[in-house]
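Subject: Structure handover and notes

Hello,

I am passing on the structure that we talked about, and my notes follow directly after it. Please keep it open while you read.

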Amino acid sequence: MLGHATARYFLERDPECHIFLGVREKRELAEMVVADFAGRAFLCPLEITDAEAWTSALTMIETQSGPLNVLINNAGYHDDSLLATMSYSQWAGVLDSNLNAVFLGCQSVLKPMMQQRWGRIINVASLSALHSPAGQTNYAAAKAGVIGLTQSLAKECARLGITVNAICPGHIEGALPKSWSEEQIKAVKRETPMRRFARPEEISAVVFFLASRDASYMTGTSVKLDGALV
Amino acid sequence: MNLRHRIKEVMASELMLEVSVDDIGDDTPLFGPNGIGLDSVDALQLVVTIEKHFKLKISDQDKAREILHNIESIAKAIEEAGLA
């Protein structure tokens, strides 16, 4: 959901940008973006945990649209459970999609970005990395890993014209856990000093800034976007 | 311009070295305290730079260590690959 909102945000504000949305089976929202921005938004088949798929995706993007300037690693999923009852596949699956995939994505774009001496990498971490709730050991560990990767890679790339940053969104309207009851939603809102959840475009705006030339001296940071919850 | 001098110019420019091209000998070690003092990030950038300017692909890490020893070893690798 955040990925599609961010794609729209970029396409609405930068008439020159082309967006490639990495997709697997679920692609309805991405298809809507492509339909609304014909000729500037494209679907890009991508299994994020497969290194070869990243290579193919990059080839497709470069052939169709020229050099890739911005990578937003947004894909990921929860599979919540208490650690005592978590299966290893629950652990490994979340680590694979939320952390290992970020490694593969970053590695695949690094060389072309180095050759053009310009690039922006934005990794979508989570508030769970900084304020880890019970039941999310896998997700919190993966997202904390994304923050560490971001800091380290930023240092490796600092001289190369490539910035690497992470964002840590809290709760976002339209992307709340399906299991939450109305009461739970109200309770979490009450705990949030802003008394509301983020609108997707409030998160996208920060991603848009991090991708811009204006953010040229900002690298290795993790931007917390949580309405002061933490 | 001869190949070795071109490598030095490209390297100094792309890696933004604060050293004159004339101060880089063909056999001056590129890494370590007794040489130019490049680090691992420079090495990565050098691999990309060599591929971009001289079309020599260095994909193996051990091979990279050998090739990036000094300007002479880089030039030889480019010449041996028929890319000079």
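This is a predicted model: local features need pLDDT of at least 70, side-chain atom pairs count only at pLDDT 80 or more; totals for chains, interfaces and linings use all residues.

Residues are numbered from 1 along each chain as its sequence is written, and chains are lettered from A and ligands numbered from 1 in the order in which they are written.

Chain A holds an open sheet of 4 strands in the order β3-β4-β5-β6, with parallel pairing (strands are DSSP runs of E with at least two residues, helices are runs of H or I with at least four, and both are numbered from the N terminus; two strands pair if DSSP finds at least two bridges between them). Its edge strands are β3 (70-73) and β6 (222-225) of chain A, each of which pairs on one side only. Between β3(A) and β4(A) (residues 119-124), which run parallel, there are 4 bridges, and V70(A) has R120(A) as its bridge partner in β4(A).

Helix α4(A) lies across β3, β4 and β5 (162-169) of chain A and runs at about 170° to β4(A) (axes are lines fitted to C-alpha atoms, for helices over the stretch in contact, and angles run from 0 to 180 degrees between N-to-C directions). The axes of α3(A) (residues 51-65) and α4(A) (residues 88-116) come within 9 Å and cross at roughly 40°, which makes α3(A) oblique to α4(A) (under 35 degrees counts as roughly parallel, over 145 as roughly antiparallel, 65 to 115 as roughly perpendicular, and the rest as oblique). Where they meet, A51(A), W54(A), T55(A) and L58(A) of α3(A) are in contact with L104(A), G105(A), S108(A) and V109(A) of α4(A) (contact requires C-beta atoms, placed from the backbone, within 7 Å).

V109(A), found in helix α4 of chain A, is buried, with 24 other C-beta atoms within 10 Å (20 or more count as buried, 12 or fewer as exposed, and anything in between as partly exposed). Not counting residues up to four places away in sequence, V109(A) touches L58(A), L68(A), L71(A), G119(A) and I121(A).

Finally, the contact between the chains takes 4 residues from chain B and 6 residues from chain A.

Best wishes

Note on methods:
Two residues are in contact if their C-beta atoms, placed from the backbone, lie within 7 Å.
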